[in-house]
Amino acid sequence: MKFYAVRKGRQPGIYTTWPACEEQVKGFPGASYKAFPTKAQALAFAGESLPNVTGRAPADASRTADALPTTDAIHIWVDGSCLPNSNGRLTFGWAYVILDNERELHRASGHDVPAEARRHRSVAGEIQAVLHALEWCRERGITAATIYFDYQGLASWVEGTWKTRTSFTRAYAESVRALGMSLTWHKVQAHSGEEYNELVDQLAREAARSAPGNDQEV
């Protein structure tokens, strides 16, 4: 018997069937969920008492900790990754780094990309990075930020200049708008040697490589 832990979804909790779990996470932006062989493990994941169980890369505590911004100059760098694994399947990763001017406040990465978003390949991871980063900001009362990204849709879907043609991109745009944050979008050239663009690309790739082959197949 499997236990399905939903850490972020319509109704977080523990479910004993996949259809019940799927109802909570399908189409939900930034959904975080996983299957476990024991209820104890599922409870630990849902309660976030085991921070590494999601596959999220451990943060460098000396650089990230729970630092709070000292200025309004919040900069968020995001990226996503989609890589084939040894059995031909795709694994996904996302990463972000948040800066207060030049001081790093926080970084995180993971591979919790919803199954229905996989058609977007690496863009799905980049979307997850934006959602996770903005949630971190919201929880700390940060109301404005500049987001550095390398896929135009991230800004254009939110701003309404591109149509959202899938449920995932639609939910993404609605979720970002609902935050009510003042956002400035800054597109950068991928793999151009810019320090933080290269950093989040590396972190996203590492997250994708660390994802078990059946990480999202529950």
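Start by selecting E135: in this predicted model, E135 is partly exposed, with a relative accessible area of 21%. Buried would mean under 20%.

The side chains of E135 and R138 meet in a salt bridge, with 2.6 Å from N to O. Colour helix 3, residues 122-139, and you'll see how the pair is laid out: E135 and R138 are three residues apart in that helix, so about one helical turn separates them. R138 is partly exposed too, at a relative accessible area of 44%.

Next, pick R140 and E139. Their side chains also form a salt bridge, this one at 3.4 Å from N to O. R140 has a relative accessible area of 28%, which makes it partly exposed.

How many salt bridges does the structure hold? There are five. As a rule, side chains of opposite charge can pair when their charged atoms come close.

For another of these pairs, jump to R103 and D100. Their closest N and O atoms are 3.2 Å apart, and they form a salt bridge.

Last stop: K26. You'll find K26 in the loop between helix 1 (18-25) and strand 3 (32-36). Show the residues around K26, leaving out those up to four places away in sequence, and you'll get its contacts, R10 and E116. Then select P114 as well: K26 and P114 are 88 residues apart along the chain, yet 7.2 Å separates their C-alpha atoms.

Conventions. Residues numbered from 1 in each chain as written. Predicted model: local features only at pLDDT ≥ 70, side-chain atom pairs only at ≥ 80, totals over all residues. Heavy atoms only, no water. Helix = DSSP H or I, 4+ residues; strand = E, 2+ residues; numbered from the N terminus. Contact = heavy atoms within 4.5 Å. Salt bridge = Lys/Arg side-chain N within 4 Å of Asp/Glu carboxyl O. Buried < 20%, exposed > 50% of the residue type's maximum accessible area, 1.4 Å probe, protein only.
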